[in-house]
Amino acid sequence: MRIDIITVLPELLKSPFEASILKRAIDANLVEVHFHNLRDYTTDKYKSVDDYQFGGGAGMVMMIEPIDKCISKLQAERHYNDIIYMTPDGERLNQGIANQLSLHQNIIILCGHYKGVDQRVRDQFITKEISIGDYVLSGGELGAAVLCDAIIRLIPGVLGNETSALTDSFQDNLLAPPIYTRPREYKGMKVPEILFSGNFPKIEKWREDQAYKRTEQRRPDLLED
Ligand code: ADE
């Protein structure tokens, strides 16, 4: 998979890809991540990428021309399955969207800034608009990092244990059950006995029940689907 990220702040975005699972995925050539600084696509001597809103109003708007230049250059090199715009008014990210995107060959992620991008960018280029939650960030970069993490860990071979992404919370619309490790007892707090029974079907049933109970208590909305 190849991910091209268009941003005015590449330095803000790079560190999540330089450690742990994302770094390993890149080092193992399971994913390529390329950063494109939008300012490299302006002809303006001040390298500005934003301008005032037509009709007045507070806040600057990202201009179409540098974005067009960057996306068109990339599209001339390869086909992209999706061109995603990170924005608080997009579709809220969930595991299903991450699963679907992890199957793509090439995607572009455009990070918004200021008030956002000129609507014509959205009309002309964007195939998917994604929000990481109902709150406003200073820009799309942190959202793009969250989205990339959610996608990349699903690419086959990225996680050491192939089954571990499948048992994550949300994969079956249930939250994950409680988990325990050593010691068996800590300051009087005991690990549930069932986990030492050696009876794996029974343990699996217990985990399913716990996952269901936790989902019912914390996220009943997930059970409505
Ligand atoms: N940019 C600003 N806020 C955002 C959000 N909640 N999700 C994605 N991109 C954003």
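Is tyrosine 41 buried or exposed in this structure? Tyrosine 41 is buried, with a relative accessible area of 15% (buried means under 20%, exposed over 50% and partly exposed in between, using a 1.4 Å probe and protein chains only). This is a predicted model, where local features need pLDDT of at least 70, side-chain atom pairs count only at pLDDT 80 or more, and totals for chains, interfaces and linings use all residues. Residues are numbered from 1 along each chain as its sequence is written, and side-chain values use heavy atoms, leaving out hydrogens and water.

**Around tyrosine 41**
- Not counting residues up to four places away in sequence, tyrosine 41 touches His36, Pro66, Lys69, Cys70 and Lys73 (contact means heavy atoms within 4.5 Å).
- The C-alpha atoms of tyrosine 41 and arginine 153 are separated by 31 Å, and these residues are 112 apart along the chain.

**Aromatic rings**
- A pair of aromatic rings is described by the distance of the centres and the angle of the planes.
- The structure holds one aromatic pair (for Phe, Tyr and the six-membered ring of Trp, centres lie within 6.5 Å; planes under 30 degrees apart are stacked, over 60 edge-to-face, the rest tilted).
- Phenylalanine 17 and phenylalanine 35 form this edge-to-face pair, at 5.5 Å centre to centre and 70 degrees between the planes.
- Phenylalanine 17 is buried at 5% relative accessibility, while phenylalanine 35 is partly exposed at 25%.

**A charge over a ring**
- Arginine 184 has its charged end over the ring of phenylalanine 196, 3.5 Å from the ring centre (this needs NZ of Lys or CZ of Arg within 6 Å of the ring centre and within 35 degrees of the ring normal).
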